[in-house]
Structure formats: structure tokens, C-alpha cells
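Trainee: I would like to learn how to read a few features of this structure. Please give the general idea before each case.

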Amino acid sequence: MVPTIPYELHPGILEHIPPSPQTIAHASVVCKAWRRIVYAPGFLHRCHARHVVPVVMGFFHNSNTLPRPFVQINDTTSLSFRFPNDGNYSWTFMDCRHGRVLLRNGRWFLVWHPMTGHYRLINAESSRWEEYTEKNSNAALLCVVDDNDGHQVCCQQPTSPFRVALVHNDSQGRVHADVYSSLTGQWSLPPTPVDLPLLCDIRVEPCVIIFNTMYQPLNDYHVLAYDMDKSTLTVFERPNGGNARLMKVDGGGRLGLASVEDLTLRMWARGAYNGWVLRTSVDLGEAIACLSKVTLPKVDSSFLMMPRVKIIGSTEEGDALFLWTMVGIFILCPKTMEFKKVHEAVKDMEIVYPYTAFPTAASW
């Protein structure tokens, strides 16, 4: 006979589970006693204090349909952001990484820490950017490399140093790159420009940062790799498919790709010899039962030209994907294939920028 654990020990045991909304919800349906424990006052505070792990708070977006540019999906924390220079500039969201947000307005960049309100303005005005525009470029926010192994030092603190990487292509089909350091307040010497394959302009989509390499999506199923340590630019192919997003896999140490064709989700990983390996294929019509019954977009004028499922974002560590569907926006955990609806459908929601941060004690 297996001995039972005394009930008074259950709260301490449950405090060791990951403090994500999905895990808390799963624990709450095991039994009535566990439901009382996980929803009791103070439980989430103690759970977060044990783990001290970043949480997906929600996502930023550039859609004009919603009244506010942030959608909260984690109901364990109450967030109220004051946007910097609100009303004075027209800022576009570009990236979210390590608790900070990168925005752009023309040749100005703004690095913002929403949890504290700290921000810093950066000017990208330079003679070598004469052909730089928001339509042929992308930017990424990075932590400063400051350890012996070349890994990024976490910049969750609002005053921690950071870098901004910028890539853009000119009218001659060449791609340029540059890096700004908050430590020096200067842009670095750029690497030698490289010629892009025909029709391979930069796609204004979120990139992936692995160690100190920026992987930027290009048109025509290509990827630009900007190695900031070696100051080199290279281009390689990716699997075909227009409805796709680059992401991290294998704990963040390898480049991956998620793509959707009709209702089939495919997950890829870039192999050791620079080839791509198909890891898994999932029928989303079975995983999200309501999708198979959705009316095709071509007969719904309010969602003209939109597929039934579109990948619109990925968290910085690749542990969650955001999917747009005609029945709402879902978050998907690739590891467990768990789904959760986080918002109603928005017809012009093309890209979301998931915001992950450490909750503060005051917000628990």
C-alpha cells in the first residue's frame, strides 16, 4: 500500500510547480483540495518567489484595431504601462527581449523597460544609412556580452547595458548591418556588405538571437545570419512555405522554424551540417476542434486573404507560439502541444511581440 502524503504538506509541494497559467489550471482540476490551494491568497506570491522565472505577460502589437498596443494574457499579474512620449511620436514595435521593448520612429529607436518606465533614445542617423527605411530593414534588442563564454548577460534590470542590431538592404541588392552599444553610446564599424540573392529583401518580421548571431528572415525562403562577434553576414535557405516564423529550439541553442499550411503545423530544426530536419507535424484541426469548422476566409469579407491559421509570433526562447485564427488568437506550447485562447480574432493582427518579464513582488 502506497502511503499518502499528509494534507498539510500539499501546499508546500504545489509551490514547486511552474507558475504558468497552464500549469496552475491543470493543478486546479486534479481535486477540490488542490483547487483551494492554488487559488488561495498568497499562493502565487510564494510560487513565483520559489521559481523567479520570467513569465509571458502578454504581447505588444502594431494593429490599429485595438485601442491599446498591449494585450495582457497572464491574469496572475495586473499590468499598467505608461508608454514613453505618449502622443508625441508615432512609434512602431520592433522587438521584445529580456524584459525590454524596442520601438522605432524613422531613424530614431527607443529602448523601453515597461515594468519601470525607464527608456533611452537612440539616433540611427548616419551617412552610411542614406537608403535606410522602415520597409527594407529590421532591428533587434540584445543583452551585452560580458562573460568568458560569450553568452548574453541577462538585462532584466532597467539600467543594465544593451545593444541594438540593425540590418537593411539597399537598392543594389546588398545587405548592411550595424550594432549600437549603450556602453559606448556609439554604432560599431559595420561588416562588409554582402549581395543578396534575387528577390531576397529583408522581411519586416521578428528575428531570432542565438548567442551573438542575429537570424533575420528574408523573402524567397532565405535567412540572413549576422554574426556580431566575427562581424560577418551570410545567407542560407530555409524550408519553403510563406506562413512561417523563425524560432529557437532545443532549449534555445539551435535555430528552428514553424510553418503552417492549411491546418498542418510543421516544426523544423537546423541540423549540425546546416540542413533542415522536420521534427514534427501536427493537425491543428484535431488539436483545436473548432478550427475544422471555420468558414474559409475567402467567403468572409472582413478577413479577406487571411489563412485559417497564421503564425504571428514566438516567444524569445521558442517555448510558445502565437497563432491567429478566425475564431481567436491562441498560444501554443510546442513541447506539449497545449493550446489556450488568449484573445478574440483581430483582422489586421499580422505580428505580435510577446513580452516576457519577471513579475515584481508588488504585482503578485
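Mentor: Start with D95, which counts as buried because its relative accessible area is 4%. Buried means under 20% relative accessible area, exposed over 50%, and partly exposed in between, with a 1.4 Å probe and protein chains only. This is a predicted model, where local features need pLDDT of at least 70 and side-chain atom pairs count only at pLDDT 80 or more, while totals for chains, interfaces and linings use all residues. Residues are numbered from 1 along each chain as its sequence is written, and side-chain values use heavy atoms, leaving out hydrogens and water.

Trainee: Which residue forms a salt bridge with D95?

Mentor: A salt bridge is a side-chain nitrogen of Lys or Arg within 4 Å of a carboxyl oxygen of Asp or Glu. Here the partner of D95 is R97, with the closest N and O atoms 3.0 Å apart. R97 is also buried, at a relative accessible area of 6%.

Trainee: Is D250 buried or partly exposed?

Mentor: D250 is partly exposed, at 46% relative accessibility. D250 forms a salt bridge with R254, and the closest N and O atoms are 3.7 Å apart. R254 is partly exposed as well, at 31%.

Trainee: Where in the chain do R308 and D262 lie?

Mentor: Helices (H or I, at least four residues) and strands (E, at least two) are DSSP runs, numbered from the N terminus. R308 and D262 form a salt bridge, the closest N and O atoms being 2.9 Å apart. This pair links distant parts of the chain, 46 residues apart: R308 is in the loop between α5 (284-287) and β20, and D262 is in the loop between β17 (254-261) and β18 (264-270). R308 is buried, with a relative accessible area of 16%.

Trainee: How many salt bridges does a search of the whole structure find?

Mentor: The search finds 11. R203, E205 and R245 are linked in a network of salt bridges.

Trainee: In what order do the strands of the open sheet come?

Mentor: Two strands pair if DSSP finds at least two bridges between them. The open sheet has 4 strands in the order β20-β21-β22-β23, with antiparallel pairing. Its edge strands, β20 (309-314) and β23 (338-343), each pair on one side only.

Trainee: How many bridges join β21 to β22?

Mentor: There are 5 bridges between β21 (residues 321-325) and β22 (residues 328-333), and the two strands run antiparallel. T325, for its part, stands opposite G328 in β22.
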